[in-house]
Amino acid sequence: MQALTALGNAGSAARRAATTPALFRHIAADLTRDEVVQTLLANPDARDAWHVLSDLLQQDGNPRGELLAIDLLLEVKADDALAARHKAFFEANAAALLGELLSQVVKEGYGAAKWQRGYVTELAYVGTPGL
């Protein structure tokens, strides 16, 4: 936990930006998911903790980890290819990310999901196709 706290309190934005994914994997090996979640609850803007969570989820085979990693990259640099990757990844993993029912609602155009850091922040009903 001390390692994650140190990362969350790292001096400059330049220092945090220079941190490599390998470091996140090293720290993730020493932390439990509960410790990472507690860090995020205390400081939701701790990007380093989000990177660690992404690694932990990916190690568990949870597709949310990859989606989170893509979202973190999109926060740093808007990129059409990366946005297309996000969309394709979501479509391929919608049932695992939203559940069967909500993924079908979005797929069929009845709803729209807004994502931030691997999680839905807004789910909206957008119409009644066929009526």
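The following conversation covers confidence, a helix pair and a hairpin in a predicted model.

Trainee: What should I know before reading the model?
Mentor: Residues are numbered from 1 along each chain as its sequence is written. This is a predicted model, in which local features need pLDDT of at least 70, side-chain atom pairs count only at pLDDT 80 or more, and totals for chains, interfaces and linings use all residues.

Trainee: What pLDDT does the chain average?
Mentor: The average is 76, and 74% of the residues score at least 70; pLDDT is the predictor's confidence in each residue, from 0 to 100.

Trainee: Where is confidence lowest, and where is it highest?
Mentor: Helix 2 (residues 13-18) is lowest, at a mean of 37, while helix 6 is highest, at 92. Helices (H or I, at least four residues) and strands (E, at least two) are DSSP runs, numbered from the N terminus.

Trainee: At what angle does helix 6 pack with helix 7?
Mentor: Helix 6 (residues 63-76) and helix 7 (residues 80-98) pack at about 155°, with their axes 10 Å apart. Axes are lines fitted to C-alpha atoms, for helices over the stretch in contact (heavy atoms within 4.5 Å), and angles run from 0 to 180 degrees between N-to-C directions.

Trainee: Which residues make that contact?
Mentor: Among them are L67 and I70 of helix 6, and F89 and L97 of helix 7.

Trainee: Turning to the strands, how do strand 1 and strand 2 pair?
Mentor: Strand 1 (residues 111-116) and strand 2 (residues 119-125) are antiparallel over six bridges; strands pair if DSSP finds at least two bridges between them. K114 stands opposite E122 in strand 2.

Trainee: Which residue of the hairpin takes a positive phi?
Mentor: R117 does, near 50°, in a hairpin with two residues between the strands.

Conventions
Heavy atoms only, no water.
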